[in-house]
Amino acid sequence: MKRYFKTIMLFWSTAFASQLEYQLNFLIELLAMLGTLSGSIFILSLFFSDGRQLGDWSWEAALIIQGVYTFMDGLTNALLRPNLTEIVNYVREGTLDYVLLKPIDSQFWLSIKKFSFAGIPEIILGLTIVFWSAIRTGINLSVFNTLIFFVSLFIGFVILYSVWFLIAASSIWFVKTWNATEVLRALLAAGRYPITAYPVILRLIFTLLLPVAFLTTFPAEAVLGELKLVIIILGLALSTFFFVVSRLFWIYALKHYTSASS
Amino acid sequence: MQDNPRELIRVDQLSKIYRVADKQPGFKGTLSHFFNRRTYKVPAVKDVSFNIFPGEIVGFLGANGAGKTTLLKMMCGLIHPSKGLVNVGGFLPQRRQTAFLKEITLVMGQKQQLIWDLPPMDSLYVNAAVYGLSDEITKKRINELADMLELGEELTRPVRKLSLGQRMKSELLAALLHHPSVLFLDEPTLGLDVNAQARVRSFLSEYNKQTGATILLTSHYMADIIALCPRVICIHNGSLFYDGDLDSLANSLSPSREVRVELKKAYFPEQFVSYGEIQELNDRFVCLLVSRSKLTEVVGKILSDFEVIDLEISDPPIDKLIGELFLKGEIS
Amino acid sequence: MLEYRIEIALWALSGVLPFIMFSLWSQNDVGNSFGLNDIGLARYFLSAFLVRQFSVVWVVFSFEEDSLSGRLSPYLLQPLHPLLRYVAAHLAEQATRLPFAIAIAILFFVLNPSSFWIPSISRFLLAYVSTHLAFSIAFLLQSLVASLCFWTEKSSALERLIFVPYLFLSGLLVPLSAFPEKVLFLANFTPFPYLINFPAKILSGMPVDLLNGFFFQILWIAILLPSVNILWKLGVRRYTAMGA
């Protein structure tokens with residue numbers, strides 16, 4: 001356990017050092033983030049013109065969802081994107097062999113090797129929006145609700161990670177998974193808006209099949225103190241399920257890799 | 001790994017069969033491929049057995065696609081065998097247990113593991129953490145190995161700014177940091193210039209002497225094999241056809257030696273026929289192939305029968321011999 | 001080959017964003033505020049999807065990969081401009097994407113039968129031309145960024161700076177007529193509304209200022225083409241000077 005912890009620290013400090021080599025990237029990411037955020041708040045404001053509401057969500061409540069989305073996007077950019085899009089290169093260049101021969105879990109290595117520090121401002125800004133908007137809605141932000149909020153964020157992140165890792169792991173068969181990742185990202189964009197704003201069929205899909213709702217809507221409901229216990233339990237079950245599936249799939253994929261690669 | 005004083009690696013009737021899908025070209029081929037996938041078996045390694053003892057340096061020889069790399073990867077646990085058994089120091093490699101992984105290392109000449117944008121030193125400390133080495137031990141080992149490899153400030157320069165030779169030496173350092181007792185090297189000198197090749201070679205032989213580590217390597221450069229490996233294992237079309245020392249391989253491949261003679265004046269070809277097989281005849285220069293058993297006798301006769309200016313006896317170059325052998329596809 | 005087909009199908013699917021937005025706009029009954037009923041919205045977003053399928057560009061990514069992997073040097077030695085190689089690749093893929101785009105359109109009509117329409121020949125041809133012009137603008141914009149590969153190692157990061165305004169100002173998420181007037185006025189001075197919004201409006205049969213639209217499309221091409229040319233030449237000069 002201590003070994004894993006020390007490894008993470010070294011992974012990330014080297015990641016930090018190698019990103020310093022490209023300072024410009026940091027600035028670009030920052031600009032892109034600000035552009036994306038102001039763009040989506042602008043689009044959101046179009047829904048609320050003429051005093052309308054969006055799926056029973058008030059403007060401030062909908063802003064909480066934007067905040068959660070920004071936070072998740074920040075985590076994605078910091079951890080998921082840099083690591084999981086690399087897996088295909090490990091396979092293509094054959095350096096996966098080195099990873100497999102390290103006395104450390106290969107899924108751990110592949111999922112956590114890199115950390116993009118450009119994601120941090122986005123994470124902070126996302127949380128700021130969440131709490132700022134929560135206060136603006138006038139609700140009483142209790143410690144309990146905040147705790148539930150972080151639990152539901154964790155649930156959402158585990159689900160997202162597992163689905164993404166599943167796609168990335170399939171690069172052992174398909175050399176390019178870039179497109180599948182694009183589909184995932186396009187669908188995730190649906191999480192910018194409250195799940196109740198969608199037609200019923202999509203609501204079902206986004207809750208059970210591709211649990212977008214767990215990424216943004218449910219954490220936002222948690223802040224507002226509206227999240228039902230059933231949903232938390234369902235979330236815990238789903239995230240465990242997805243994580244176990246991703247784990248089993250990786251073991252299966254490695255079995256294929258070691259019996260078919262040359 | 002020392003509990004078995006006898007063989008360190010036991011390979012017993014090892015086979016690897018790949019299933020390859022057979023696909024006809026074109027759209028129709030794609031369709032029938034999709035619905036009715038026909039596969040056939042390609043044996044990459046067939047029924048190979050050998051033992052390797054602690055401290056040995058063994059070279060694996062074979063043409064491209066002969067099965068060398070597959071064999072090597074089965075021994076380090078990256079490929080599951082289809083049949084047969086591999087045992088490395090009491091472990092089944094394919095299970096890749098931590099204790100096993102800490103005892104081995106793999107270096108592939110054409111694939112690198114160092115972080116491209118950073119100095120090798122950073123990658124070294126990452127590796128140290130992965131293998132659970134303490135900071136002091138890491139520092140001490142880096143110093144030792146850097147000395148042996150003649151690496152200095154290169155370790156603090158970004159990898160992308162290093163020459164190929166410096167990069168390979170750093171790769172070796174990274175691969176040996178945890179003091180593995182078995183080294184698997186797949187083409188470790190690929191693409192290096194002659195000097196860098198020589199340095200890698202002398203390092204490996206020194207490392208072997210100092211630590212008693214077992215080294216298994218494949219190489220395209222015969223010079224590597226000649227300099228490093230007292231024992232070679234030749235693989236041809238997936239099967240083992242020679243396992244023994246290098247010199248007797250040369251003998252068994254070619255029981256003859258080359259005799260080059262420079263003469264005072266030119267002679268006719270017929271005059272040499274009784275001495276040996278004429279390889280080359282060019283004005284005053286002649287090259288004959290003479291079997292080892294008759295060598296002294298024939299050389300003496302040449303010296304007395306002709307006016308000789310210079311005479312040279314040599315083995316036919318081994319890489320030429322092996323190259324010819326692989327070309328012919330003949331196994332004696 | 002089969003894998004490649006899956007690739008393209010996934011590509012087509014990754015363009016689902018307009019459909020997600022359509023479901024939002026129509027579910028919340030927002031269309032009326034900018035003069036579009038449900039049928040109008042459905043037609044607009046299907047058109048936006050189709051236009052995007054045939055104007056999407058990824059030169060920056062191919063180019064970056066080629067230059068990092070060293071494939072660029074031999075390309076530069078060939079008597080064919082490397083950018084033309086990418087144009088050909090894009091056009092070829094557009095052709096293979098056609099059946100998937102049609103399949104998705106049919107599925108869309110099955111789900112929303114009331115929105116079915118067949119554009120008139122003249123509208124279709126105009127939309128066809130303006131989609132190609134949109135493709136040209138997008139291609140030139142990305143080539144401009146790709147040329148920066150000669151200076152910085154990772155220009156795909158810079159691509160984000162084009163993609164963000166493209167996402168919000170092109171009309172992929174909402175017809176531009178929903179924008180407040182001032183925003184719309186400013187947006188019309190960027191190349192982005194002519195990439196999706198303009199061709200999609202033609203195709204879906206919405207009222208559209210053809211003259212104005214085509215004028216700006218051609219204007220942007222006239223501005224971008226020489227810029228790309230100059231930047232590319234400077235870049236190649238730098239590349240060869242560095243001896244990379």
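**Notebook: chain B**

Entry 1. I began with contacts in chain B (a contact means heavy atoms within 4.5 Å): among those between residues at least 6 apart in sequence, 70% join residues at least 24 apart. This is a predicted model, where local features need pLDDT of at least 70, side-chain atom pairs count only at pLDDT 80 or more, and totals for chains, interfaces and linings use all residues. I note that residues are numbered from 1 along each chain as its sequence is written, that chains are lettered from A and ligands numbered from 1 in the order in which they are written, and that side-chain values use heavy atoms, with hydrogens and water left out.

Entry 2. I looked up the make-up of chain B and found 11 helices and 13 strands. Helices (H or I, at least four residues) and strands (E, at least two) are DSSP runs, numbered from the N terminus. Of the 332 residues in chain B, 50% are buried. Buried means under 20% relative accessible area, exposed over 50%, and partly exposed in between, with a 1.4 Å probe and protein chains only. Chain B exposes about 16100 Å² (Shrake-Rupley method, 1.4 Å probe), and carbon and sulfur atoms supply 50% of that area.

Entry 3. I turned to strand β6 of chain B, residues 182-186, where five of the five residues are buried. Which way do these residues point? B:Val182, B:Phe184 and B:Asp186 point one way from β6(B), while B:Leu183 and B:Leu185 point the other way.

Entry 4. I checked the neighbours of β6(B) (two strands pair if DSSP finds at least two bridges between them). Strand β5 of chain B, residues 104-108, runs parallel to β6(B) and is joined to it by five bridges. Here B:Thr105 stands opposite B:Leu183. Strand β7 of chain B, residues 214-218, is also parallel to β6(B), with five bridges between them. B:Leu183 has B:Ile215 as its bridge partner in β7(B). From β6(B) the chain crosses through helix α7, residues 194-211, to β7(B) in a right-handed β-α-β crossover. Right-handed means that, with the strands pointing away from the viewer, the path from the first strand over the helix to the second runs clockwise.

Entry 5. I then looked at backbone angles. Most residues other than glycine have a negative phi. B:Glu150 has a positive phi, near 55°, and sits in the loop between α5 (135-149) and α6 (164-176) of chain B. Is B:Glu150 buried or exposed? B:Glu150 is exposed, at 53% relative accessible area. B:Asn237 has a positive phi near 50° and lies in the loop between β8 (231-236) and β9 (239-245). B:Asn237 counts as exposed, at 51% relative accessibility.
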